[in-house]
Amino acid sequence: MEPLELDKQQLILKEYGKNIQRLVDHITAIEDKDKRTQSAYTAIEIIKQLNPSMKQENDQKLWDDLYIMSDFKLEVDSPFPMPEKELLGKKPLPIGYPTSEIKFKHYGRNIEKLIEGAIKLEDDEEQEAAIIFIGQLMRSFHSTWNRENFDDAIILDDIKTLSKGKLHIDLEKVKENGLFESNTHRDFKVPIQEEKRTSKNKRSNHSNNNKRRSNGGHNKKRRN
């Protein structure tokens, strides 16, 4: 009977268990390459059957684990190349975090990035649409910190500060159309369209009234 300490030393990837590890050791020791390759494919299928959650894993990961369990000694015709042993256990590169301070913490850094993107827009209408969208987000973020009513001028001042004066929209236009309201459609032609729609309705109503009047002159008298 093999001592337990030996089993622990041979167990390279603990999540697969010692039986799979012994199977990989056996496959690695097969002299005939074709039989070794066929056995490796069988081992992949056995791993998938024993671990149903691994069926969703990328096959390349399973083959990489097979190579790792063989201590990179397995020579087979696999669909994926053997990974480099030097990469195993290599520490990933550190993630670079922004070091600059957030001007308004209740808005977050994403608002600052959106403003930076809006500044780069050359088309005036696109830039104005971006300002309105940013203003709606800032208003919703601001309301989570301060539930009291506040003026849209606060949002515009914050946009001006964050954009260093490069983004601007008329305050009266914002207030009149409620552009910073979250349910406002971000189309600046909406008021014009509504005006056209209103005038169209007036024309249709006027024509209907004329029809009624014209029809009224030809009404037949009721017979007794």
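**A short tour, from a loop to a ring pair**

Select Phe 72 to begin: you will find this residue in the loop between H4 and H5. Helices here (H or I, at least four residues) and strands (E, at least two) are DSSP runs numbered from the N terminus. Before you go on, note that this is a predicted model, where local features need pLDDT of at least 70, side-chain atom pairs count only at pLDDT 80 or more, and totals for chains, interfaces and linings use all residues. Residues are numbered from 1 along each chain as its sequence is written, and side-chain values use heavy atoms, with hydrogens and water left out.

**Stop one: the loop**

Stay on Phe 72 and look at the backbone: phi is near 60°, a positive value in a residue other than glycine. Most residues other than glycine have a negative phi. Is Phe 72 buried or exposed? Phe 72 is buried, with a relative accessible area of 14%; buried means under 20% relative accessible area, exposed over 50%, and partly exposed in between (1.4 Å probe, protein chains only).

Now select Asp 71, which sits in the loop between H4 and helix H5 (109-120). Its phi is near 60° too, again a positive value in a residue other than glycine. Asp 71 counts as partly exposed, at 35% relative accessibility.

**Stop two: the rings**

Next, pick out the aromatic rings. Rings of Phe, Tyr and Trp (its six-membered ring) pair if their centres lie within 6.5 Å; planes under 30 degrees apart count as stacked, over 60 as edge-to-face and the rest as tilted. By this rule there is one aromatic pair. Select Tyr 41 and Trp 63 to see it: the two are edge-to-face, 5.0 Å centre to centre, with 75° between the planes. The pair links distant parts of the chain, with Tyr 41 in helix H3 (residues 33-50) and Trp 63 in helix H4 (residues 59-69), 22 residues apart. Colour by accessibility and Trp 63 is buried, at a relative accessible area of 3%, while Tyr 41 counts as partly exposed at 38%.

**Last stop: the whole chain**

Zoom out and switch to cartoon view. The protein has nine helices and zero strands. Of its 224 residues, 27% count as buried.
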